[in-house]
Amino acid sequence: MKLDTSGFETTMPVIGFGSNSEMLDGVSSVPSFDLPRTTDFDGFQKKSVEMVKPAKGTTTLAFIFKEGVMVAADSRASMGGYISSQSVKKIIEINPYMLGTMAGGAADCQFWHRNLGIKCRLHELANKRRISVSGASKLLANMLYSYRGMGLSVGTMIAGWDETGPGLYYVDNEGGRLKGDRFSVGSGSPYAYGVLDSGYKFDMSIEEASELARRSIYHATFRDGASGGVASVYHVGPQGWTKLSGDDVGELHYHYYPVAPATAEHVMEEAA
Amino acid sequence: MQIFEYNGSAVVAMVGKNCFAIASDRRLGVQLQTIATDFQRISKIHDHLFIGLSGLATDVQTLYQRLVFRHKLYQLREERDMKPETFASLVSAILYEKRFGPYLCQPVIAGLGDDNKPFICTMDSIGAKELAKDFVVSGTASESLYGACEAMFKPDMEAEELFETISQALLSSVDRDCLSGWGGHVYVVTPNEIKEKILKGRMD
């Protein structure tokens with residue numbers, strides 16, 4: 001009689017060489033994907049990369065200060081010149097104490113962040129303690145490194161609070177991983193850096209920091225065509241993350257720069 | 001990005017009852033970066049004739065200066081203002097002169113002709129005229145503008161209602177375009193007066 005072992009089968013794909021599974025803690029590092037069967041694999045990859053056209057049209061930022069980590073982002077998705085959405089969630093909640101930001105391909109960021117969330121949970125279950133921000137960002141970076149050159153577009157920041165305090169890492173699709181205090185990612189990042197760097201102090205209260213983050217995103221949405229929509233601000237503290245505000249930047253402009261009612265002057269005076 | 005999308009623009013003109021309205025956005029950008037939010041795209045040729053130019057900003061300014069020059073010469077010779085239909089033919093000829101090295105702009109011409117009958121037309125960058133009885137659009141947001149105008153336009157609107165309609169159409173269309181917007185500029189022209197208004201739009 002054949003025993004029905006289908007219940008033991010795990011949905012997690014296992015790496016090719018079974019003997020390595022001990023080192024990997026039973027968690028595979030490379031989910032298996034079907035590869036296309038073409039005669040010209042290199043050309044196919046190049047064409048598919050161009051089709052996706054990675055363009056990191058967005059503004060996201062995060063910084064560490066006395067009270068934790070402040071994370072902020074805009075909410076516009078653009079396809080070339082067309083605005084496809086003004087209400088995209090670019091701050092992804094990996095788990096209750098860690099946030100990831102989205103810049104680059106939306107599908108890529110959403111998938112890999114969710115995948116990271118799964119890995120973090122598996123780590124918790126296997127080790128009976130939460131994963132550190134450093135460890136989580138390393139998992140993501142290693143994953144993205146193995147897909148290097150295949151046209152993924154991910155420019156993300158992992159922000160969280162672990163036993164060592166607040167943590168912030170920048171991870172991108174080249175496989176780069178940087179630890180730092182202040183980051184901004186996306187096409188609007190130069191404008192956000194300008195405001196963020198000139199207003200930053202380590203000793204800020206939560207209100208001051210959230211106002212600085214919001215203002216930086218607002219200025220980036222004003223100058224950058226590919227950023228806009230709603231400026232969301234999150235705070236990560238010792239108890240986890242909380243969403244502080246989500247303000248429409250169209251209204252924020254008139255809040256920061258109210259318009260005094262004045263008649264438009266007829267500027268085209270010609271000697272007729 | 002294409003050369004027509006280098007600076008970003010949106011221009012629309014609509015016909016009403018013995019009046020017309022012409023509107024544009026106010027952004028001047030260099031690809032995604034916004035440089036100015038008060039760029040003039042619509043210019044007056046004479047009291048009953050306006051031209052709005054979308055496309056590459058340098059050509060917008062140069063072409064406008066050339067057209068003003070030609071119209072002033074016409075005024076000196078004929079001792080009267082040009083009719084809108086005649087002006088449209090003039091613009092078309094000037095653009096076709098540069099057939100193999102064109103001005104990279106798309107004009108929108110709006111005017112009041114004989115008996116104060118409103119006239120609008122648009123052209124591509126080498127002078128192909130397209131006359132319309134209801135509305136014409138041009139610029140990077142033109143596809144959105146077509147949709148918005150088609151939905152909101154009604155024939156024979158009075159000046160007030162025409163202003164509301166064209167403003168709504170312009171603002172909702174540029175809110176779907178990364179490269180245009182940052183305010184709006186509307187002219188509503190009736191036989192007796194020109195009303196110029198600046199629109200408060202989303203500045204993102």
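Modeller: Rings of Phe, Tyr and Trp count as a pair if their centres lie within 6.5 Å, and in this predicted model that rule gives twelve aromatic pairs over all chains.

Colleague: What makes Y218(A), F222(A), Y256(A) and Y257(A) a cluster?

Modeller: Ring pairs link these four residues, Y218(A), F222(A), Y256(A) and Y257(A), to one another as a cluster.

Colleague: Why is the pair D204(B) and R76(A) called a salt bridge?

Modeller: The cut-off between a side-chain nitrogen of Lys or Arg and a carboxyl oxygen of Asp or Glu is 4 Å, and the closest N and O atoms of D204(B) and R76(A) are 3.2 Å apart, so the pair qualifies. The count between chain B and chain A is two salt bridges, and across that interface there are also 14 residue pairs in polar contact.

Colleague: Which parts of chain B supply the side that touches chain A?

Modeller: β4 (33-36), β5 (42-46), α1 (57-78) and β12 (194-199) of chain B each supply at least two residues of that side, which by class has eleven nonpolar, seven polar and nine charged residues. The contact takes 27 residues from chain B and 32 residues from chain A, and the two chains bury about 2,400 Å² between them, 49% of it on carbon and sulfur atoms.

Colleague: How do you know that D197(A) and R182(A) form a salt bridge, and what does the pair tie together?

Modeller: Their closest N and O atoms are 2.9 Å apart, within the 4 Å cut-off. D197(A) lies in helix α4 (residues 189-199) of chain A and R182(A) in strand β10 (residues 182-185) of chain A, so the pair ties together parts that are 15 residues apart in sequence.

Definitions and conventions: Residues are numbered from 1 along each chain as its sequence is written. Chains are lettered from A and ligands numbered from 1 in the order in which they are written. This is a predicted model: local features need pLDDT of at least 70, side-chain atom pairs count only at pLDDT 80 or more; totals for chains, interfaces and linings use all residues. Side-chain values use heavy atoms; hydrogens and water are left out. Rings of Phe, Tyr and Trp (its six-membered ring) pair if their centres lie within 6.5 Å; planes under 30 degrees apart count as stacked, over 60 as edge-to-face and the rest as tilted. Contact means heavy atoms within 4.5 Å. Buried area is the accessible area (1.4 Å probe) that two parts lose on being put together, summed over both. A polar contact is a pair of N or O atoms within 3.5 Å; within protein, one must be able to donate a hydrogen and the other to accept it, and residues adjacent in sequence count only if both atoms are side-chain atoms. Helices (H or I, at least four residues) and strands (E, at least two) are DSSP runs, numbered from the N terminus. Ala, Val, Leu, Ile, Met, Phe, Trp, Tyr, Cys and Pro count as nonpolar, Asp, Glu, Lys and Arg as charged, and the others, Gly among them, as polar.
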